[in-house]
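Have the sequence and the 3D view open as you read.

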Amino acid sequence: MAPYRNLEEYNIEITNEVKEHFSKIVGDIGEDVTREGLVKTPERAAKAMLFLTQGYKQDAEEILIGAMFAEDYDDMVIIKDIELYSLCEHHMLPFFGKAHVAYIPNGHIVGLSKIPRVVDIFARRLQVQERLTHDILECINKTLKPKGVAVVIEAAHMCMMMRGVQKQNSVTTTSGFRGQFEKIETRNEFLKLVSADLS
Ligand SMILES: [Zn+2]
């Protein structure tokens, strides 16, 4: 698998195929694909879709393994308010919000910037919020083998806000806990720290 890249790179063949599909969709919904404002839309939409799903080509475990180092620190490490943008797999509409991740090291820590990358890699796929939470949790658990790991995601779903029930202010919260976070005191300490406004 390719390592994480910030650069936008597109496979020309795949981009062209996706572009053709978007062109068909624009026509099917009753628009004129040749209208000036829409001429380049299928290509832009194709590139946007490929960008938003680039996580399929990235290996989150590899990112963590490459940035791990031995350290005796064994207090809770919390990375909170990680911006998150994903696509729901049911409607391919965005859901977005924040992820809060914590782990208790067990001989190894990881560069702090790598945790948001892991969140991105799993978010840039077609997802459900529950599985996204689980993917992040298990990836950290498997690679760092910490004494405990916790993930909380709070997100708003466009498929709920723009269509269907149109619950415009509802936020969905999902969480997962492993190891020491399965103990109620540790879990509560984490949740207290995550909800505290430190700014
Ligand atoms: Zn949906």
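The notes below go from the sheet to a helix, then to an annotated site and a few single residues.

## Ground rules

This is a predicted model, in which local features need pLDDT of at least 70, side-chain atom pairs count only at pLDDT 80 or more, and totals for chains, interfaces and linings use all residues. Residues are numbered from 1 along each chain as its sequence is written, and side-chain values use heavy atoms, with hydrogens and water left out.

## The sheet

Let's begin with the strands. Five of them make an open sheet, in the order β5-β2-β3-β6-β7, and the pairing is mixed. Strands here are DSSP runs of E with at least two residues, helices are DSSP runs of H or I with at least four, and both are numbered from the N terminus. Two strands are said to pair if DSSP finds at least two bridges between them. At the edges sit β5 (126-127) and β7, each of which pairs on one side only.

Strand β6 (residues 148-157) runs antiparallel to β7, and eight bridges join the two. Within this pair, Val152 stands opposite Ser175 of β7. Helix α5 packs on the sheet and touches β2, β3, β5, β6 and β7, with its direction making about 155° with that of β6. For such angles, axes are lines fitted to C-alpha atoms, for helices over the stretch in contact, and the values run from 0 to 180 degrees between N-to-C directions.

## A helix residue facing the strands

Is Thr133 buried or exposed? With a relative accessible area of 3%, Thr133 is buried. The cut-offs are under 20% for buried and over 50% for exposed, with partly exposed in between (1.4 Å probe, protein chains only).

Thr133 belongs to helix α5 (residues 129-144). Setting aside residues up to four places away in sequence, Thr133 touches Val151, Ile153, Thr174, Ser175 and Gly176; contact means heavy atoms within 4.5 Å.

## The annotated site

In the unreviewed UniProt entry, the annotation "binding site" covers Cys88, His91 and Cys159. Although these residues are spread over 72 residues of sequence, they cluster in space, and the largest C-alpha distance is 7.9 Å. UniProt positions are given in the numbering used here, feature names are shortened, and annotations may be inferred rather than shown by experiment.

His91 lies in the loop between β2 (77-88) and β3 (94-104) and is partly exposed, at 34% relative accessible area. Cys159, in helix α6 (residues 158-161), counts as buried at 10% relative accessibility. Leaving aside neighbours within four places in sequence, Cys159 is in contact with Cys88, His91, Leu93, Pro94 and Gly164, while His91 touches Cys159 and Arg163.

## Positive phi angles

Met92 has a positive phi of about 55°; it is found in the loop between β2 and β3 and is partly exposed, with a relative accessible area of 42%. Asp81 has a positive phi near 60°. Asp81 lies in strand β2, and its relative accessible area of 37% makes it partly exposed.

## The end of β7

Gly179 lies in strand β7 (residues 172-179) and is partly exposed, at 36% relative accessible area. Not counting residues up to four places away in sequence, Gly179 touches Lys147 and Gly148. The C-alpha atoms of Gly179 and Ser86 are separated by 27 Å, and the two residues are 93 residues apart along the chain.
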